Amino acid sequence: MNLKINIIKSIILLTVAIIFVSCAKGNNTRNLDQVFRYNEAGNITTLDPAFAKDLRTIWATNQLFNGLVQLNDQLEVEPDIAHSWSVSDIGKTYTFFLRTDVQFHKHHLFGLDSTRNVVAQDFVYSFNRLLDPKVASPGKWVLEYVKGFKAVNDSIFTVTLKQSFPPFLSLLSMRYCVVVPKEAIDYFKNDFRSNPIGTGPFYFKLWVENTKLVFRKNKYYHERDSTGTRLPYMEAVAISFLTDKQSEFLQFVQGNLDFLNSIDASYKDDLLTTEGELTDRYQDKINMISGPYLNTEYLGIYLDADEDEVQSLKIRKALNYGFDRGKMILYLRNGIGTPAVNGFIPKGLPSFNNMKGYDYQPEKAKALIASYIEETGNKFPSVTISTNSQYLDLCEYIQREVEKTGLNVEIDVMPPSTLRQTKVNGQLSIFRGSWIADYPDAENYLFIFHSRKFSPQGPNYTHYSNKQFDELFDKSIQTVDKLEREKLYQKMDSLLMESAPVIPLYYDEVVRFTQKNVKGLGINPINHLSLKKVIKLKTK
């Protein structure tokens, strides 16, 4: 049996080697390296875009599929398969005009020509599949506001909404909304997850699960650069699956990976100074780029918990005032991130609320705790923060600082899966959480506090309920004027902070490390990975 396994592994490695050698032989540009390599420590379980609910799957499927529209690095909506569109009926009808030169990746399923052009009916099929309860896609919610859709002809696709929803175009940029061919789904059925056929800049070549994933250049890809050169530039993408972060870092330092997108405690002090800059050791070896990340790290407070402390606004405010977010970021995050002393909406969005939120005011926190004790007679108030091991250092810092104000803090460490499940079921009074934007609109951060979204059916894990907040939210999603909508978002953010159902910790940053020879890898606030414009210069 072991001999058989070793033979299979040898064949797999030989296949991968042949692919990479063929890339090199097919390269007519001597100063370019043609394979982009990165590691995915979290593994990938599917390449079906209907299940692209996490970043690792979004990254992979972004290389293989296209939708009607796409986002640039400034999070502006740009054409993709739809070359243009119009909006009518007071923001309720979207008409998309499709390119006629977009083809699916070559496959024998398409008959003699091995491919065919994408037509509007393909989007009808793809959207219906997303909604199909038998498919059970976690992304069906993106069509929540959709009343109907149809193909007017091969190149015109229309979508009608139940009501106007200004962020709708941004929603359509998500991988859930890409086009897939009916022929492939009918043939592969559930195995489409490991036999994806799309229209993207790369096509699927090889997947040895937990070991290696390889994409090859789509020579018939429809996009071109500003000079008219067809994208992508790279011949292949190779993804490895090392689960150990230290091993991943060593592979990157040794030049075996082109890109690193994580900062782990095992190597962060070796790589970064306390100010968040590259240490002298790596200044001349690698590049580092960073920018705002639409991710708010926070502690959530379950307002329906049967505990007097978390029911008290004074305790919730004392927790917010009781620790120095700036020091926490500097010493525990090596300066990566921005202290969340404003609202819940993070920096990087136009509707970021630059209000005065909760900064470090220990005396105010002490006064609030003392007032609570006097008011209730509870001389030893105590709260419990639940977290996983990855964020234990942050929670222990908060524990040490807040206990100086007179509030006892316990920490309950549990596996990530347990934390998620107990949070959803309302079993945790205070829990560590993070909210990463699915699309670049502040509605994405505020809908999780609407009273209609209570968990476990919805993502309102705090069970925050405020009639004025709900009314402002319902008004905002029908407000077409962008500036007016941003004002409504900011009012909601202020209301939320006044009630303090959350303790914002920091607004995250995207940090990317690349080898010196990698060019054209951008950065964006939703941390999506686009490799179609990446170039690798050959090292000497």
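Modeller: On a 1 Å grid over the protein atoms alone, a cavity is a set of points where a 1.4 Å probe fits but cannot get out, while a pocket is an open set with protein on both sides within 12 Å along at least five of seven lines, and a lining residue has an atom within 4 Å of a point. Points are joined across faces, edges and corners, and a volume is the space filled by probe spheres set on them. This is a predicted model, in which local features need pLDDT of at least 70 and side-chain atom pairs count only at pLDDT 80 or more, whereas totals for chains, interfaces and linings use all residues. Residues are numbered from 1 along each chain as its sequence is written, and side-chain values use heavy atoms, with hydrogens and water left out.

Biologist: How many cavities of 30 Å³ or more does a search of the whole structure find?

Modeller: Rolling a probe the size of a water molecule over the atoms shows where empty space is left. Here the search finds 3 cavities of 30 Å³ or more, and the largest cavity has a volume of about 50 Å³. Its lining consists of P49, A50, S126, R129, L130, Y176, V178 and V180. If Ala, Val, Leu, Ile, Met, Phe, Trp, Tyr, Cys and Pro count as nonpolar, Asp, Glu, Lys and Arg as charged, and the others, Gly among them, as polar, this lining has 6 nonpolar, 1 polar and 1 charged residues.

Biologist: Which residues are the closest to the centre of the second largest pocket?

Modeller: The second largest pocket has a volume of about 650 Å³. Of the 32 residues that line this pocket, Q70, L71, N72, S530 and K532 are the closest to its centre. Helices (H or I, at least four residues) and strands (E, at least two) are DSSP runs, numbered from the N terminus, and at least two lining residues come from each of helix 2 (55–64) and strand 3 (69–71). The lining is made up of 11 nonpolar, 12 polar and 9 charged residues.

Biologist: Where is H450 placed?

Modeller: H450 is in the loop between helix 14 (443–446) and helix 15 (467–476), and H450 is buried at 2% relative accessible area. Apart from its neighbours within four places in sequence, H450 is in contact with N460, F469, D470, F473 and D474. E471, in helix 15, is 21 residues from H450 in sequence, with 9.4 Å between their C-alpha atoms; E471 is partly exposed, at 47%.

Biologist: Which residue is joined to P232 by a cis peptide bond?

Modeller: A cis peptide bond joins L231 to P232, with omega about 0°, and P232 sits in the loop between strand 10 (212–217) and strand 11 (236–240). The bond from S455 to P456 is also cis, with omega near 10°, and P456 belongs to the loop between helix 14 and helix 15.

Biologist: K189 is not a glycine, so what is its phi, and is K189 buried or exposed?

Modeller: K189 has a positive phi of about 55° and counts as exposed at 56% relative accessibility. A500, likewise not a glycine, has a positive phi of about 55°, but A500 is buried at 0%. K189 lies in the loop between helix 5 and strand 9 (202–208), and A500 in the loop between helix 16 (482–499) and strand 18 (502–515).

Biologist: How many disulfides does the count come to?

Modeller: A disulfide is a covalent bond between the sulfur atoms of two cysteines. With the pair required to lie within 2.5 Å, the count comes to 0 disulfides. C177 is buried at 0% relative accessible area, and C395 is buried at 1%.

Terms used: Buried means under 20% relative accessible area, exposed over 50%, partly exposed in between (1.4 Å probe, protein chains only). Contact means heavy atoms within 4.5 Å.
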